[in-house]
Structures are given as C-alpha cells and as structure tokens.
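Hi everyone, thanks for making time for this. I'd like to walk you through some side-chain pairings and then the packing around them.

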Amino acid sequence: MLKPLVVASSLIIVSGCDNNITAQQAAHVAKPAQLSVFEQYSHQANTLLSNIRARKDAASLEAESAQLVTLSQALIKEFVVKYPRCTEYLAALSDVATVLSSLPIDEIESGYHSDGKLPKFDEPICYHAKDLLVHPATVQANARLGLVEQHAYQNAELDMIEVIAHFEQVARALNN
C-alpha cells in the first residue's frame, strides 16, 4: 500500500518540476526573427522543390506554389522600386497574377513564359523578375490538374530549378 503511494507522489513531484523547468525554458527562448519577403521566397522555393522531388500530393504542391505566387507579387513590387523601367512589363503580369494559374498551360507558356501577352521591355533583368511569378504559377496550374503523368513532376521540378536560378539573378540585381 505504501509503495503505490510513494510512486504516485514521486510522479506528481517530478511532473511538477518538469513543468517548472519547461516554463522557465520557455521564458528564455528568443522569438525567431521575422523573415523578409526576399528570404521567405527563397525558403519557400527551395521547400517546394524538395517537396516536388519527394512526390508530395498535388493538392499540397498546389497550395505551396500558390504561396510562392503570392510572395512573388510582393517581391515584384519591391523590384519595381529599384528598376522602375520594368514597371509596365511587370504591371501587365501583376494584372493577371491571381488568375494566371487557372489558365490553360499552353496559354501560360505562350502568353507569359514566352511573353506573347506582355509588353516589350529593354532591360533583361525584368525577365528574371517576371519568372519569379510565372514558374510557380505554372507549377500551381499543373498541380491543379493533378500531376498525374510521370513527366508532370519532372516538369514541375524543372520549373522550380529555373525559378531558383532567376531568383539568384534578381537577388544580385537588388543587392547592386
């Protein structure tokens, strides 16, 4: 009879101590720094690439690529501040940003990857900034279709590899 009482008492004491330690530790934990849009984009692009390579389900990839499209819009706004000569070109893209992924893949390719529906531009860096939105929107559109064919994951992976390369160009341009 005494043994169960000692065990129960010990557990209560240990659990009470454990909670106090956790509360003390929690008081000293620093809050993580808020990431900039630039850092968020880089992290999200790399996470999406990893998840495509892991063959995550299409619905998850669609949601992740939609987040990247949203982040790209904020990045493009920042980009235009430093490169105002890209304003017309990127504004035309921003006008369709919310519906781009709902367009047929062929229309995204011809109209926005190949610039068929965008105004002419003189500055090559404008093209790199544009692709920060177009490639994730393409992944989103393909994911919405279900990524059912084997090459669909490969195409999504290539889109993300390419967008990361474009991101590096934009990063260099913004840091100059």
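Let me begin with a term: a residue is called exposed when its relative accessible area is over 50%, buried when that area is under 20%, and partly exposed in between. Please also keep in mind that what you see is a predicted model.

With those cut-offs, Arg-85 comes out as exposed, because its relative accessible area is 53%. Its salt-bridge partner is Glu-123, with 2.9 Å from N to O. The two sit in distant parts of the chain, 38 residues apart: Arg-85 belongs to the loop between α3 (58-82) and α4 (87-96), and Glu-123 to the loop between α5 (105-113) and α6 (124-144). And is Glu-123 buried, exposed or partly exposed? At 25% relative accessibility, Glu-123 is partly exposed, because the value falls between the 20% and 50% limits.

Let me move on to another of them. Asp-115 and Lys-130 form a salt bridge through their side chains, at 2.8 Å from N to O. Asp-115 is in the loop between α5 and α6 while Lys-130 is in helix α6, so this pair ties together parts 15 residues apart in sequence. Both of these residues are buried; for Lys-130 the relative accessibility is 0%.

Lys-130 has a further partner, Asp-131, with the closest N and O atoms 3.3 Å apart. Asp-131 is buried as well, at a relative accessible area of 0%. Put together, Asp-115, Lys-130 and Asp-131 make a network of salt bridges.

Now for the rings. The count of aromatic pairs is four. One of them joins Tyr-41 and Phe-167, which are stacked, with 5.3 Å from centre to centre and 15° between the planes. Tyr-41 is part of helix α2 (residues 37-53) and Phe-167 is part of helix α7 (residues 150-175), so the pair ties together parts that are 126 residues apart in sequence. Tyr-41 and Phe-167 are both buried.

Phe-79 and Tyr-83 give us another stacked pair, because their planes are at 20°, and the limit for stacking is under 30 degrees. Their ring centres lie 4.8 Å apart. Phe-79 is buried at 1% relative accessible area, and Tyr-83 is buried at 11%.

Going back to Tyr-41, this residue also belongs to an aromatic cluster with Phe-38 and Phe-167. What does Tyr-41 contact, leaving aside its neighbours within four places in sequence? Its contacts are Leu-68, Leu-71, Ser-72, Leu-75, Leu-132, Pro-136, Val-163 and Phe-167.

In soluble globular proteins, nonpolar side chains tend to be buried together. Here the largest nonpolar core holds 45 residues, and Tyr-41, Phe-79, Leu-93, Leu-100 and Met-160 are those with the most contacts inside it. Each of α2, α3, α4, α5, α6 and α7 supplies at least two residues of this core. Which helix gives the largest share? That would be α6, with ten residues.

Notes:
Residues numbered from 1 in each chain as written. Predicted model: local features only at pLDDT ≥ 70, side-chain atom pairs only at ≥ 80, totals over all residues. Heavy atoms only, no water. Salt bridge = Lys/Arg side-chain N within 4 Å of Asp/Glu carboxyl O. Helix = DSSP H or I, 4+ residues; strand = E, 2+ residues; numbered from the N terminus. Buried < 20%, exposed > 50% of the residue type's maximum accessible area, 1.4 Å probe, protein only. Phe/Tyr/Trp six-rings, centres within 6.5 Å; stacked < 30°, edge-to-face > 60°. Core = buried A, V, L, I, M, F, W, Y, C linked by side-chain atoms within 4.5 Å. Contact = heavy atoms within 4.5 Å.
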